[in-house]
Amino acid sequence: VVIATTDNNSMVSGRGIERMRAAGIDVRVGVCEEEAFSLNSAFFTYHGKNRPLVTLKWAQSADGFIDRLRDGGTPVHFSNSVSQVAVHKIRAMHDAIIVGTRTAMLDNPSLDIRHWAGRAPLRLVIDRKGKLPASLKLFDGSLPTVCFTDSDTVSLNGKKVEQGLLDFSSDIIPQILDYLHKRGIGSLLVEGGASLLDSFISSGAWDVAGVETNHSITLGSGVAAPSLNNARETERFFFAGNEIALFERV
């Protein structure tokens, strides 16, 4: 029997191998182990690090900005009709997707997979004091949504969401990941904005990043795109003039 790698779920790890060997079966472990980890990265991250696999995703201009202004104005749309399909495919590959308060307010995203087929991820939004308006698409009740606040006394003002509690006096990233791990969420897509992405990067709690660049748009100034550290590029795809580069944390 050939096995690529042992199961790192503590409830079953190695037991099957032990039983086969006890029965006199020749078991070889470690064949194509690296490929097995790559194919099942969310599973191994969930059980090995006690958190979901975290993918960061953002779109940027040719000169490295993700928006013109930090606190207002019409948001810039970098994705085209072709790359948007790829982005929604990435969403469908994750169990949950999260945005921060500013992104929810200014971009009013649906965080659905309307340009792809499959299961939509659980929508997550950070709204510390419950100030986001109930009219936002995230609160339309079309998909399960969790709104993170700092107290169960925060009024959600009739929003069709589930409330999650965070202690904002300490780092919220480990709290979010712990919440998702306890909920059985194996993978998380972080779509912004810049502050939330930077928080995941600085905490070291990320595994993969997808960066879309629109080479036909130059902003000159604005909100700078996040800067990845300890990362290596693994793949690069082109979608009607846009490119998406994939990175993994090393």
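1. Strand 7 (residues 145-149) is largely enclosed by the rest of the structure, because five of its five residues are buried. Buried here means under 20% relative accessible area, exposed over 50%, and partly exposed in between (1.4 Å probe, protein chains only). Strands (E, at least two residues) and helices (H or I, at least four) are DSSP runs numbered from the N terminus.

2. The model is a predicted one: local features need pLDDT of at least 70, side-chain atom pairs count only at pLDDT 80 or more, and totals for chains, interfaces and linings use all residues. Residues are numbered from 1 along each chain as its sequence is written, and side-chain values use heavy atoms, with hydrogens and water left out.

3. In a regular strand the side chains alternate between the two faces of the sheet. Strand 7 has cover on both faces: Thr145, Cys147 and Thr149 are buried on one side, and Val146 and Phe148 are buried on the other.

4. The largest nonpolar core has 34 residues, of which Leu56, Ile98, Leu124, Leu188, Val190 and Phe200 touch the most other members. Such a core is a set of buried Ala, Val, Leu, Ile, Met, Phe, Trp, Tyr and Cys residues joined through side-chain atoms within 4.5 Å. Leaving aside residues up to four places away in sequence, Val190 touches Val54, Thr55, Leu56, Lys57, Ile98, Leu196, Leu197 and Phe200. Another core, of 13 residues, lies apart from the largest one and includes Ile97, Val99, Leu138 and Cys147.

5. Backbone geometry deserves a separate point. Most residues other than glycine have a negative phi, and most peptide bonds are trans. Asn50 is not a glycine, yet has a positive phi of about 55°. Asn50 is placed in the loop between helix 3 and strand 3 (53-61) and is partly exposed, with a relative accessible area of 48%. In helix 3 itself (residues 41-49), the buried residues are Phe44, Thr45 and Tyr46.

6. Asn157, also not a glycine, has a positive phi of about 50°. Asn157 lies in the loop between strand 7 and strand 8, and its relative accessibility of 52% makes it count as exposed.

7. Where is Gly193 placed? Gly193 is in the loop between strand 9 (187-190) and helix 7 (194-203). A cis peptide bond, with omega of about 10°, joins Gly192 and Gly193.

8. For the chain as a whole, there are seven helices and 13 strands, and the C-alpha atoms fill a box of roughly 70 × 45 × 35 Å along the principal axes. Of the 250 residues, 45% are buried. Among contacts (heavy atoms within 4.5 Å) between residues at least 6 apart in sequence, 66% join residues at least 24 apart.
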